Amino acid sequence: GGTLDQNPPSSSLAMRSAPTYTKFVQIGRVVLFEGKLATILDIVDLNRVLIEGPSTGVTRRMAHIRDLTLTTIVIPLRRMSCTKVHKALFDSSKVVEKFSKCALSNKLAARAVRENLSDFDRFKLMAAKKQKNQIVAKKLKASKK
């Protein structure tokens, strides 16, 4: 029979080298826990981590990973850092400012705005979306001709 090619094509090699996931559970990773920012201080086991948010009111506690939302922010913390060191790094890294500029923060803010809409506000939003979609459909139809 035929011989197998030992070297894969370069395109598949390039696809393998690109990271598919970048937000890992790691010490120093800033997370969102019960609506507040905290940092992972230690990994206890496969499902639990030790977290603390010294500037955001999250006391040092164990948390299940499923209760956390990982952010893109990582601060250079050592494992099991004391609260004093953690607070200094948390504040000097300007974590709250960085988080307010990230996509997750914007998504949560938009969700909060949508939750507080009244019935009439939702109706106005629906009417505006309909009007916008009609304009887009007209332009699209005109461009296809």
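Predicted model: local features only at pLDDT ≥ 70, side-chain atom pairs only at ≥ 80, totals over all residues.

Reader: How many bridges join E1 to E2?

Author: Four, and the two strands run antiparallel. Two strands pair if DSSP finds at least two bridges between them. Helices (H or I, at least four residues) and strands (E, at least two) are DSSP runs, numbered from the N terminus.

Reader: And what's in the hairpin of E1 and E2?

Author: Two residues sit between the strands, and Glu34 takes a positive phi near 55 degrees. The E2 and E3 hairpin has four residues between its strands. Those two strands are antiparallel over four bridges, with Ile40 partnered by Ile51 in E3.

Reader: What's the strand order in the whole sheet?

Author: E4-E3-E2-E1-E5, an open sheet of five strands with antiparallel pairing. Strands E4 (58–64) and E5 (68–74) each have a single partner strand, so one side of each is left without a neighbour in the sheet.

Reader: Where does E5 pair with E1?

Author: E5 pairs with E1 (residues 29–33) over four bridges, in the antiparallel sense. Phe33 stands opposite Leu68 there.

Reader: Switching topic: is E2 mostly covered or open?

Author: Mostly covered, with six of its eight residues buried. Buried means under 20% relative accessible area (1.4 Å probe, protein chains only). Over the 145 residues of the protein chain, 23% count as buried.

Reader: Which residues are in the largest nonpolar core?

Author: There are 12, including Val30, Leu32, Leu37, Ile73, Phe90 and Phe99. E1, E2 and helix H3 (95–101) are the elements giving two or more residues to this core. A nonpolar core here is a set of buried Ala, Val, Leu, Ile, Met, Phe, Trp, Tyr and Cys residues joined through side-chain atoms within 4.5 Å. Apart from it lies another core of 10 residues, among them Val31, Val49, Val58 and Leu68.

Reader: What is Phe99 in contact with?

Author: Leaving aside neighbours within four places in sequence, Phe99 is in contact with Leu32, Leu37, Thr71, Ile73, Leu104, Ser105 and Leu108. Contact means heavy atoms within 4.5 Å.

Definitions and conventions
Residues numbered from 1 in each chain as written. Heavy atoms only, no water. Buried < 20%, exposed > 50% of the residue type's maximum accessible area, 1.4 Å probe, protein only.
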